[in-house]
Amino acid sequence: MPGYFISAGIELKDGANLDKAEQGLRLLTEQTRSEPGCIFFEIRQNLKESGKFTLWECWTDKQALADHFEADHTKAYLAQDLTEVNYIEELTEIGETSGAISS
């Protein structure tokens, strides 16, 4: 499947309400899936640590992801200041690492 793939880990901020974060993430997922350029957007919750979540995303290109951060619903979720990003990974198909930065 062509596209720009992202994986991200987010975590509940200290003192934030877990129920409110879960509700906000569900709404964010629903609204994001209808954005232009969104091929796939899913958030899963860690079974052992309920305050940790993993996002799997696929966009038509990097600009579609950039546009996602300008969407009103994304800004509204981020303004609640409930979670923080621990990591972001850009992903590709196995074996398609041409142009990848080597360590």
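Author: In α1 (18–32), A21, E22, G24, L25, L28, T29 and T32 are buried, meaning under 20% relative accessible area with a 1.4 Å probe and protein chains only, while exposed means over 50%. An α-helix has 3.6 residues a turn, so residues three or four places apart point the same way. On the other side of α1, the exposed residues are D19, Q23, R26 and E30.

The model is predicted: local features need pLDDT of at least 70, side-chain atom pairs count only at pLDDT 80 or more, and totals for chains, interfaces and linings use all residues. Residues are numbered from 1 along each chain as its sequence is written, and side-chain values use heavy atoms, with hydrogens and water left out.

Helices are DSSP runs of H or I with at least four residues, strands are runs of E with at least two, and both are numbered from the N terminus. The end C-alpha atoms of α1 are 21 Å apart, which agrees with the 21 Å that its 15 residues should span at 1.5 Å a residue; the expected span is 1.5 Å times one less than the number of residues.

The buried residues of α1 pack against β1, β2 (38–45), β3, α2, α3 and β4, where contact means heavy atoms within 4.5 Å.
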